[in-house]
Amino acid sequence: MSGLPGARTCPGLGEASDLKFPLGAKFREPLTETRFQQLFGDAEQAPELLAEPRSSRLRRRWRLRARACSGPGAWRVLQARLPPLRWLPRYRWRAWLLGDAVAGVTVGIVHVPQGMAFALLTSVPPVFGLYTSFFPVLIYTLLGTGRHLSTGTFAVLSLMTGSAVERLVPEPLGGNLSGIETERLDAQRVGAAAALAFGSGALMLGMFALQLGVLSTFLSEPVVKALTSGAALHVLVSQLPSLLGLPLPRQIGCFSLFKTLAAVLTALPRSSPAELTISALSLALLVPVKELNVRFRDKLPTPIPGEIVMVLLASVLCFTSSLDTRYNVQIVGLLPGGFPQAHLPNLAELPRILADSLPIALVTFAVSASLASIYADKYSYTIDSNQELLAHGISNLISSLFSCFPNSATLATTSLLVDAGGNTQLAGLFSCIVVLSVLLWLGPFFYYLPKAVLACINISSMRQMFFQMQELPQLWRISRMDFAVWMVTWVAVVILSVDVGLAIGVVFSMMTVVCRTQRVQCLALGLAEGTELYRPLRESHKLLKVPGLCILRYPTPLYFGTRGQFRRTLEGHLGLGEGGKETPKPDGPPDAVAEPVRVVVLDCSGITFADAAGAREVVQLARRCRDAGIHLLLAQCNASVLGTLTQAGLLDRMTPEQLFVSVQDAAAHALERLETTGPKTCTVWV
């Protein structure tokens, strides 16, 4: 316990007592901020500390950074920007190599059918899904900090990209395009998808340059999970025409889900029995295999590759039965071997696609950063959110030169990589080897693959996203506000569209934070019997309150949105209404507050920041208290808030001797002041 000189013992409850000395111990003198800096800070800078301009602090910070520039400092920066320089020398070859190889090959096998499936979701030919499963994975292996993260094609991004591509390059109204016209349309759509990847990558690099990795926090967990769950429903509905063999145009924009359902129901009599049968058999295989992989993940040495098995079986069946010619079943066709020629996307399209690139960039970073954080916490390592911005920005930017569409970390393959025993980013290289072998040699084997099978793969890959809805009852019990954020985001995504729903979810999530700051209550504090602790008077403790002394805690940031509430609350507690006629409203019986407030202690520990409007409100409070004869003391202001108040002119209304390091010090000083002007009595609260 700490104490003040000249301590006395506290009498029994209800008697006169000196509240500075609750335990009868020797107490130190109350410490102001200036005195604390003189004793424990830099004594030479103590007199100027409170009034130091913000520009001086920034210049001092930049000087410290400049001194840090050296050979070792440059090496640390290089290690941060190229993570393999940090983790590869410590790689445990005997313990990790086999796990990385098995996991990488397993994920690569899944990437092949899934990449082609998500390419159709993006409205580009299937081979471009293979490109997107190769280049981004290779780049992230060199730049990413998530050891267990698997990148590549992602259903939500493919859906968002496909909607933008269909809007930018719509299919001609007449339909029935010739081969040359179809190739020209595909080339335009590939260019639009690559431009979207280029734009989103450039935006992420700009965010990295501004060190905006913290922006990932604005996409809260309920928003991300509701977004992916709602997008999974969009994916399911968008694949219905392919499942049923209906050549329907893709619906885009708001209410696209309901438009697609209406079009499918209208055209249902024209569905293809052959493709419907293929779809039913494919789902009958894929869904149980997914369940087996989940239920027996601890017993299986590696997950069962149901997708590649289904692809091989369907290709053999279509080839031997000539389903493409006899029943007009849509097939993948020829996959060009090798790599596309590198070229810049059409930069003239960038102004048109900027509005689409921004939500894609935000979803890419939010999903990837949240996935990386989950597995980093699970396996006890750290990730660098700004480095993740750089990795995904360069990944999208460079891969767009090879006609890839936007990519990010993926939920399904990341979980698969972990279950298969992956340990580091090296697993990505083995995944690239599998995709590379398909691009160079194995592509012709997928010629007869029915597109209906790819649609089934799209749907089965949404399993994890659909099952996120199982968390809603628990979320309701934990936080009903987060439950509301989840539901509002999900409903907006399903009814409107993915990008509009994302915007609504982010805005609503931030509005809930603002509303919470508006609903906090200013707490009147009292001294807990026999201690030096000050607790809210409403709590069920025996608390002591001194007539003439008011100790208040304001537990929320002080900014333009809360300044009015702050003013009204303080007026109510201190009787500073118009004409001074308003009576105080502290928590307690009327007899405990009969004497007007002469000293007020404002506990600023809950004020994490203050803007100019909030700071001016405190300055006005100091002026009004001085005019009303009330001695105002501020306690426990952090450095940022204290600097803002100082710049707003607080020291013109108060002296540094009115700023204290803690509530206990300020209360001790207040009691000393009251001793000279009033009786030393205390009121007991139960």
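Is Ser 380 buried or exposed, and what is its relative accessible area?

A: Ser 380 is exposed, with a relative accessible area of 68%, where buried means under 20%, exposed over 50% and partly exposed in between, using a 1.4 Å probe and protein chains only. This is a predicted model, in which local features need pLDDT of at least 70 and side-chain atom pairs count only at pLDDT 80 or more, while totals for chains, interfaces and linings use all residues. Residues are numbered from 1 along each chain as its sequence is written, and side-chain values use heavy atoms, with hydrogens and water left out.

Ser 380 has a positive phi of about 60°, although it is not a glycine, and it sits in the loop between helix 17 (350–378) and helix 18. Helices here are DSSP runs of H or I with at least four residues, numbered from the N terminus. A positive phi is also found at Gln 211, about 55°, and this residue is not a glycine either. Gln 211 belongs to the loop between helix 10 (179–209) and helix 11 (221–238), and with 42% relative accessibility it counts as partly exposed.

The axes are lines fitted to C-alpha atoms over the stretch in contact, and angles run from 0 to 180 degrees between N-to-C directions. The residues in contact, with heavy atoms within 4.5 Å, include Phe 135, Ile 139 and Leu 143 of helix 8 and Ala 391, Ile 394 and Ile 398 of helix 18. By class, this contact has 8 nonpolar, 4 polar and 1 charged residues, where Ala, Val, Leu, Ile, Met, Phe, Trp, Tyr, Cys and Pro count as nonpolar, Asp, Glu, Lys and Arg as charged, and the others, Gly among them, as polar.

Another helix pair is formed by helix 14 (residues 273–295) and helix 15 (residues 306–321), which pack at an angle of about 160° with their axes 9 Å apart. That makes helix 14 roughly antiparallel to helix 15, and their crossing is right-handed. Among the residues that meet are Leu 285, Val 289 and Lys 290 in helix 14 and Glu 307 and Met 310 in helix 15.

Lys 290 and Glu 307 form a salt bridge, with their closest N and O atoms 2.8 Å apart; the term stands for a side-chain nitrogen of Lys or Arg within 4 Å of a carboxyl oxygen of Asp or Glu. The pair links distant parts of the chain, 17 residues apart, and both Lys 290 and Glu 307 are buried. Within helix 14, Glu 291 and Arg 295 lie 4 residues apart, about one turn of the helix, and their side chains meet in a salt bridge of 3.9 Å, N to O. Glu 291 is partly exposed at 23% relative accessible area, whereas Arg 295, at 67%, counts as exposed. A search of the whole structure finds 13 salt bridges.

How values were computed. Helix = DSSP H or I, 4+ residues; strand = E, 2+ residues; numbered from the N terminus. Parallel < 35°, antiparallel > 145°, perpendicular 65-115°, else oblique. Left-handed = near helix turned anticlockwise from the far one by under 90°.
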